Amino acid sequence: MNPIVPVARLDIRSHACPVTWVKARIALSRIAEGEVLEVLLQDGEPRENVPRSAEEDGHRVLRLEPAPEEGAGTWRAWLLRGASPEDRAWP
Amino acid sequence: MALSEVEIGRYARQLLLPGMGEAAQVLLRGARVRISGGGLAMAPAVYYLAAAGVGTIWIDDPDEVKAGAGAGFALGPADLGRQRAAALVEFARGVNGLVAVDLFRPGSRPTALLVCGATLDVSRAIADEARLLQLPHVVADVDGQGGAATSVPVGAPCYSCAVRPGLGAAATAEGGATVGALAALELVLLIAGASLEPRARRIEVFRGTPLVRATARQPGCACAGPAAAGLAP
């Protein structure tokens, strides 16, 4: 199996909602469809909401795991970019 | 150019809206909007354009601030007798320090117009100017029951094709707030490329109930002339 190689890395541990997901969404918009973004996030609200928001926006969560080597309470998410969320129309 | 950290923080909630995102916000930042007409929708529209991050806003209003003209949230007693445009410039700068707000001056080159005429004739004249300059524009009409916002992308059926006179009741400040906010949103969506189809449309608000309809070119209207040729309907 080929290893997954993120093309970009984003650290949102110092941010709070909604900026956590906003920054992840912008970072996803800067990579190509099918590429992977690595996101470092805090346990708790960011770990729950950022992956969920990514899936709601049409991306895939490939991995969500603790990353203690990055610091206490840190989690790592690998997000596979789907179709551009900016192409979506208003509901 | 990408958004800065400060801009991302400032527009975080707007960036989450469907159809919005970094690219759309950058388009807003690069826009230069002239807002003119002197109607009741002007102050609310200025507020929303500034808050949304329209990069340059030029205010065009020759009147003075009068008592009982609404917009108390923007213009206070100390502003009575001042040039309304200057007072609104000051107000808008306080709303969002990331955008440039100034008086409209001849020679300025807007990329879009927001028309807030105090009368239909004033709105018609400004909208015609925007059409001839091939600038996207939105017209806010306020009446006693609410009002309407007419979106006119470049080459679309013009405001005169779309407008329907209201019932003639005197415009209210509440209608101005509603329609001013709505018209500003319509222009933001046009600039950001995020508006729903039909993009050429008129949203009429009657006692709080909105009705959306696509606009259609009236037979013989001047907007069907060479300026519209080859452009999107």
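This note goes through the folds of chain A and chain B of a predicted model, point by point.

1. Overall make-up of chain A. The secondary structure of chain A amounts to two helices and four strands, and read from the N terminus these elements follow one another as β-α-β-α-β-β. Of the 91 residues in this chain, 27% count as buried. When contacts between residues at least 6 apart in sequence are considered, 64% of them join residues at least 24 apart.

2. The sheet of chain A. The four strands form an open sheet in the order β1-β2-β4-β3 (chain A), and the pairing within it is mixed. Its edges are β1 and β3 (60-66) of chain A, each of which pairs on one side only, and the twist from one strand to the next averages 20°. Strand β1(A) runs parallel to strand β2 (residues 36-42) of chain A, with four bridges between the two; within this pairing, L10(A) has V39(A) of β2(A) as its bridge partner. Helix α2(A) packs on the sheet, where it touches β2, β3 and β4 (74-80) of chain A, and its direction makes about 155° with that of β2(A).

3. R9(A) lies in strand β1 (residues 8-11) of chain A, and because it has 11 C-beta neighbours inside 10 Å, where 12 or fewer is the cut-off, R9(A) counts as exposed. Although R9(A) and A77(A) are 68 residues apart in sequence, their C-alpha atoms are 10.0 Å apart in space.

4. The helix pair of chain A. Helix α1 (residues 19-29) of chain A and helix α2 (residues 45-56) of chain A have axes that come within 10 Å and cross at roughly 40°. The crossing of α1(A) past α2(A) is right-handed. On the side of α1(A), the contact is made by T20(A), W21(A) and A24(A), while α2(A) contributes P46(A), N49(A), V50(A), S53(A) and A54(A).

5. In chain B, eight strands form an open sheet with mixed pairing, in the order β3-β2-β1-β4-β5-β6-β7-β8. The edge strands are β3 (100-103) and β8 (209-214) of chain B, each pairing on one side only, and the twist averages 15° from one strand to the next. Strand β2 (residues 56-60) of chain B and β3(B) run parallel and are joined by four bridges, and I57(B) has V101(B) as its bridge partner in β3(B). Helix α5 (residues 84-95) of chain B packs on this sheet and touches β2 and β3 of chain B, its direction making about 175° with that of β3(B).

6. An enclosed strand in chain B. Seven of the seven residues of strand β5 (residues 137-143) of chain B are buried, so this strand is largely enclosed by the rest of the structure. H137(B), V139(B), D141(B) and D143(B) point one way from β5(B), whereas V138(B), A140(B) and V142(B) point the other way, and all are buried. In a regular strand, side chains alternate between the two faces of the sheet. Strand β4 (residues 112-115) of chain B pairs with β5(B) in the parallel sense over three bridges, and H137(B) in β5(B) is the bridge partner of L113(B).

Notes. Residues are numbered from 1 along each chain as its sequence is written. Chains are lettered from A and ligands numbered from 1 in the order in which they are written. This is a predicted model: local features need pLDDT of at least 70, side-chain atom pairs count only at pLDDT 80 or more; totals for chains, interfaces and linings use all residues. Axes are lines fitted to C-alpha atoms, for helices over the stretch in contact, and angles run from 0 to 180 degrees between N-to-C directions. A crossing is left-handed if the near helix is turned anticlockwise from the far one by less than a right angle, and right-handed if clockwise. Two residues are in contact if their C-beta atoms, placed from the backbone, lie within 7 Å. A residue is buried if 20 or more other C-beta atoms lie within 10 Å of its own, exposed if 12 or fewer, and partly exposed in between; C-beta atoms are placed from the backbone. Two strands pair if DSSP finds at least two bridges between them.
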